[in-house]
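Subject: Structure for you to look over

Hello,

Here is the structure I promised to pass on. Please open it alongside this message, and my notes follow below.

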Amino acid sequence: MIEENKFATHYRFAFIDEATKREIRRKLLKAIAIPGYQVPYSSPEMPIARGWGTGGLHVTLAIIGPKDIFKIIDQGSDASVNACNLRNFVHTMTGVETTLDTNKATIIQTRHRITEEVLNKNQIFVYQVPQPEPLRSVERYENKTRQMHGEADYAKMWVSLYEQYVRHGDIMLGAGYPVKVNGRYIMAPSPIPRWDIPNLNNSEAIHLFGAGREKRLYAVPPYTKVEPLEFEDVKFHIEDFKGIPCFRTGYKKAFLDELYYDDGSKHYVINDSNFLDKLANKETPIQHENAYLNKLDHEA
Amino acid sequence: MKHNSENWLLKVEGLTKIYGTANANSIEKTGPLFDSNICPETNAIVACADINFELFPGEVLGIVGESGSGKSTIVKMLYFDMEHADGTVLFNKAPYIGKNILKESNQSKRAIRNHLMGMVYQNPRDGLNFKFTSGGNIAEKLIMAGNYHVGTIRDKATNLLEKTEVPVLRLDDLPAHFSGGMQQRVQISKAIANHPPLLFLDEVTTGLDVSVQAKVLDLIRELQQELGIAMIVVSHDLSVIRMLTDRTLVMKNGRIVEQGLTDQILQDPQHPYTQLLVSSIL
């Protein structure tokens with residue numbers, strides 16, 4: 001049935017049509033009900049190409065309401081091209097308030113980082129995922145990986161970790177370190193650095209993952225156990241910046257970027273731009289707490 | 001070990017595998033009497049039918065027969081490499097006592113494969129992952145049995161390589177860079193990594209040169225005596241059968257045509273096909 005006022009505005013609220021939004025929400029509910037399980041979904045066409053954050057955008061647009069406050073980061077930065085464009089798009093399509101303040105946002109979309117600032121139970125964290133299948137590096141056939149997940153047959157994944165340790169003396173996964181969610185499914189935590197992995201564990205916020213190109217959604221519900229894969233004698237560890245301070249704030253306990261200036265000098269600066277700004281303004285943002293961070297403290 | 005009819009390890013009853021559409025006469029109209037395993041009515045291929053035997057703990061059973069006689073099919077079905085087999089296979093190990101293991105879930109089947117069985121294929125590429133190191137290949141089996149300690153895994157893998165006479169220095173090398181005989185030894189290490197009570201050997205020496213063949217056979221015989229593993233040895237080579245096995249099944253066109261003690265079968269073959277086989281030894 002065609003309604004009279006259908007073309008009164010150019011687009012619907014949040015761009016995607018309501019039926020598709022409902023479909024995505026249903027799939028998200030399923031993803032939350034089975035933590036770490038990849039749910040196939042429609043992945044409708046967007047005005048950006050698949051592989052440029054459509055998965056995250058689908059999730060955001062399916063769950064966003066007029067009262068939400070939206071923040072988006074790309075590699076920790078609010079100001080990168082991908083973040084700016086998607087922020088403009090979401091704002092144009094919904095009219096919701098946008099913010100740079102981690103603490104103020106209700107929906108935070110991200111590419112490759114979790115914020116340094118701790119998340120609360122009113123927040124939803126949305127990830128843009130390039131490769132949702134953690135087993136893809138050891139098994140290239142989708143029907144095989146699905147069977148492996150179904151039967152919790154993860155030996156190949158473990159052998160690949162063993163092989164990395166034997167060849168390089170460490171498990172060489174800088175980003176996207178595989179995690180076991182709720183003691184069952186092995187999940188690709190989108191390529192967030194090791195630094196952020198412990199912050200997924202028992203988080204108060206909801207974590208939703210969208211892979212638009214691969215057409216998969218998955219989730220970590222609040223207060224869910226998320227463990228990085230580790231051997232009994234070869235343990236997971238986070239990046240160690242060896243006590244190097246951020247050159248703008250002097251802060252030592254955050255994920256750092258390397259900056260090269262034109263004169264060839266190297267500087268380290270906090271990667272999370274909002275966290276950096278807050279510290280620079282002499283505010284005291286509250287950081288995630290985890291055993292791995294505390295351990296760095298002991299060493300410092 | 002003294003065998004009586006009660007203490008079998010593996011009991012196979014009516015094991016059958018048919019490709020294509022079979023009808024009521026498919027099994028009757030195929031077999032050695034017709035010198036064919038293709039059903040004349042439906043063209044279904046009867047890979048094997050009505051296979052019955054028992055295997056006792058620590059016993060070495062040979063299966064001999066020409067190409068296409070169904071001997072590898074039997075072993076592949078028992079190791080669950082081949083699905084949808086008919087018949088009953090009973091495995092006398094807890095918690096599977098009294099259950100037809102062919103009807104177990106995929107998870108249980110994998111548990112049986114990892115804990116209670118080992119397989120050595122003719123082609124090492126089937127049994128080994130050539131992208132992983134030889135240590136990693138053995139680790140895969142150990143990890144599947146719940147071993148998540150790298151130090152222990154490496155100690156065990158080292159021991160296994162020593163036992164199978166692979167230079168321990170090659171622990172972290174890819175099997176792709178090994179000779180055929182060494183690849184076969186790594187495969188054997190992997191197969192026995194979890195001390196399974198049952199080992200399948202499918203044409204393990206085919207394709208190796210004669211001196212390496214002899215060494216691999218020696219190794220298998222030593223391991224068998226040392227660990228007391230029950231084995232099913234599939235081969236078309238009667239000298240392998242003579243050297244390794246206590247008892248032998250002779251197969252033709254998907255059926256067992258004769259079975260008995262290996263010595264007896266080789267000395268005094270009854271079935272015309274077995275007679276032909278024995279008399280054809282070069």
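Start with the hairpin in chain B. β8(B) and β9(B) form it, with 2 residues between them. In the turn, B:Asn253 has a positive phi of about 45°. B:Arg247 stands opposite B:Leu261 in β9(B). Keep in mind that this is a predicted model.

Next, the parallel strands of chain B. β6(B) covers residues 198–202. It pairs with two partners, each in the parallel sense. With β5(B), residues 117–120, there are 4 bridges. With β7(B), residues 230–235, there are 5 bridges. B:Met117 stands opposite B:Leu198 in β6(B). B:Asp202 stands opposite B:Val234 in β7(B). From β6(B) the chain runs through helix α7(B), residues 210–227, to reach β7(B). This β-α-β crossover is right-handed.

How many residues of β6(B) are buried? The count is 5 of 5. In a regular strand, side chains alternate between the two faces of the sheet. In β6(B), B:Leu198, B:Phe200 and B:Asp202 point one way. B:Leu199 and B:Leu201 point the other way. Both sets are buried, and B:Asp202 is among them.

Now the contact between the chains. On the chain B side, 17 residues are in contact with 13 residues of chain A. Which helices of chain B each supply at least two residues to that side? They are α2 (106–116), α4 (134–144) and α5 (150–163). α4(B) gives the most, with 6 residues. By residue type, the chain B side divides into 7 nonpolar, 7 polar and 3 charged.

Last, chain A itself. It is divided into two parts: domain 1 is 4–136 + 161–228, and domain 2 is 256–299. Taken over C-alpha atoms, the centres of these domains of chain A are separated by 23 Å. The two domains touch: 14 residues of domain 1 of chain A are in contact with 11 residues of domain 2 of chain A. The domain 1 side of that contact divides into 4 nonpolar, 5 polar and 5 charged residues.

Best wishes

Note on methods. Residues are numbered from 1 along each chain as its sequence is written. Chains are lettered from A and ligands numbered from 1 in the order in which they are written. This is a predicted model: local features need pLDDT of at least 70, side-chain atom pairs count only at pLDDT 80 or more; totals for chains, interfaces and linings use all residues. Two residues are in contact if their C-beta atoms, placed from the backbone, lie within 7 Å. Ala, Val, Leu, Ile, Met, Phe, Trp, Tyr, Cys and Pro count as nonpolar, Asp, Glu, Lys and Arg as charged, and the others, Gly among them, as polar. Domain bounds come from an automatic or database domain assignment. A residue is buried if 20 or more other C-beta atoms lie within 10 Å of its own, exposed if 12 or fewer, and partly exposed in between; C-beta atoms are placed from the backbone. Two strands pair if DSSP finds at least two bridges between them. A crossover is right-handed if, with the strands pointing away from the viewer, the path from the first strand over the helix to the second runs clockwise.
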